[in-house]
Amino acid sequence: MATQTNPPTLVKGARASRTTIALKMAMAVSGFIFLGFVLAHMYGNLKAFGGHDAFNEYAEHLREIGEPMLPHSGLLWILRVGLILSLVVHVYAAVALWRRAAHARTTKYVMKKETGATRASLLMRWGGLTIFLFLVWHLLNFTIGKVNVQGGATNDPYNLLVDTFDVWWLTLIYIVAMLALGAHLHHGIWSAAQTLGWTGTAAKRQRAKVFGFVVALIVSVGFSLVPLGVLAGIITK
């Protein structure tokens with residue numbers, strides 16, 4: 001007598017789990033792309049301590065890379081488009097993961113226990129929003145719109161930078177945004193390392209935490225030096 005076999009069935013939630021992993025991978029990869037850009041951008045900003053000519057020569061050199069195969073500023077725009085796409089992927093993945101986590105909580109408790117993970121999640125969410133809003137202003141200020149709040153010329157990158165950070169409240173906004181960026185990187189690098197399987201042992205977890213903290217400190221301090229230097233009168237026209 002033949003034995004009846006049941007048809008194979010998919011494990012419940014397997015597809016959702018795979019999608020969640022894919023979203024986390026997308027966040028990790030796009031996050032590391034941004035980290036590379038942030039470090040390069042910080043290096044360029046610090047050229048301001050070399051004076052007007054050093055900073056402007058660096059800014060112009062960025063626009064000349066790839067010539068004559070590419071038009072003037074061609075490579076710069078390719079990089080910008082790549083970063084915008086990475087931003088779209090990063091934000092989409094973050095929102096999708098947050099919505100999945102919210103929908104997964106089908107039971108509401110009278111008392112919610114506050115945990116480190118909850119605080120870190122809130123910090124990442126609101127910190128990410130702060131960074132996004134700052135990024136929009138930063139592009140309008142220095143790249144797309146080139147807004148000089150003091151009414152001066154906008155065709156000189158160094159002078160535009162000095163005019164901007166001579167205004168104390170703009171420097172304050174910038175530093176708050178850099179603190180948010182540092183906190184975001186600190187947790188984000190750790191989370192990305194987990195997603196990519198780089199935290200399999202206690203030693204690797206410790207290295208990931210230290211690396212995240214060091215990078216976050218370098219970025220937040222490195223970016224803050226220029227506006228503080230302008231405000232202190234070290235970087236002047």
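This briefing covers the fold of one protein chain and a few of its residues. The model is predicted: local features need pLDDT of at least 70, side-chain atom pairs count only at pLDDT 80 or more, and totals for chains, interfaces and linings use all residues. Residues are numbered from 1 along each chain as its sequence is written, and side-chain values use heavy atoms, leaving out hydrogens and water.

**Overall fold**
- The protein chain has seven helices and zero strands.
- Helices (H or I, at least four residues) and strands (E, at least two) are DSSP runs, numbered from the N terminus.
- Of its 237 residues, 30% are buried.
- Buried means under 20% relative accessible area, exposed over 50%, and partly exposed in between, with a 1.4 Å probe and protein chains only.
- Take contacts between residues at least 6 apart in sequence: 68% of them join residues at least 24 apart.
- A contact means heavy atoms within 4.5 Å.

**L161**
- L161 sits in helix 5, which spans residues 157–165.
- L161 has a relative accessible area of 5%, so it counts as buried.
- Leaving out residues up to four places away in sequence, L161 touches A48, F55, F142, V226 and V230.
- N45 is 116 residues from L161 in sequence, yet their C-alpha atoms are 9.5 Å apart.

**The loop between helix 2 and helix 3**
- P68 lies in this loop, between helix 2 (52–64) and helix 3 (74–104).
- A cis peptide bond joins E67 and P68, with omega about 5°.
- S73 lies in the loop between helix 2 and helix 3 as well.
- The phi of S73 is positive, near 70°, and S73 is not a glycine.
- Most residues other than glycine have a negative phi, and most peptide bonds are trans.
- S73 is buried because its relative accessibility is 12%.
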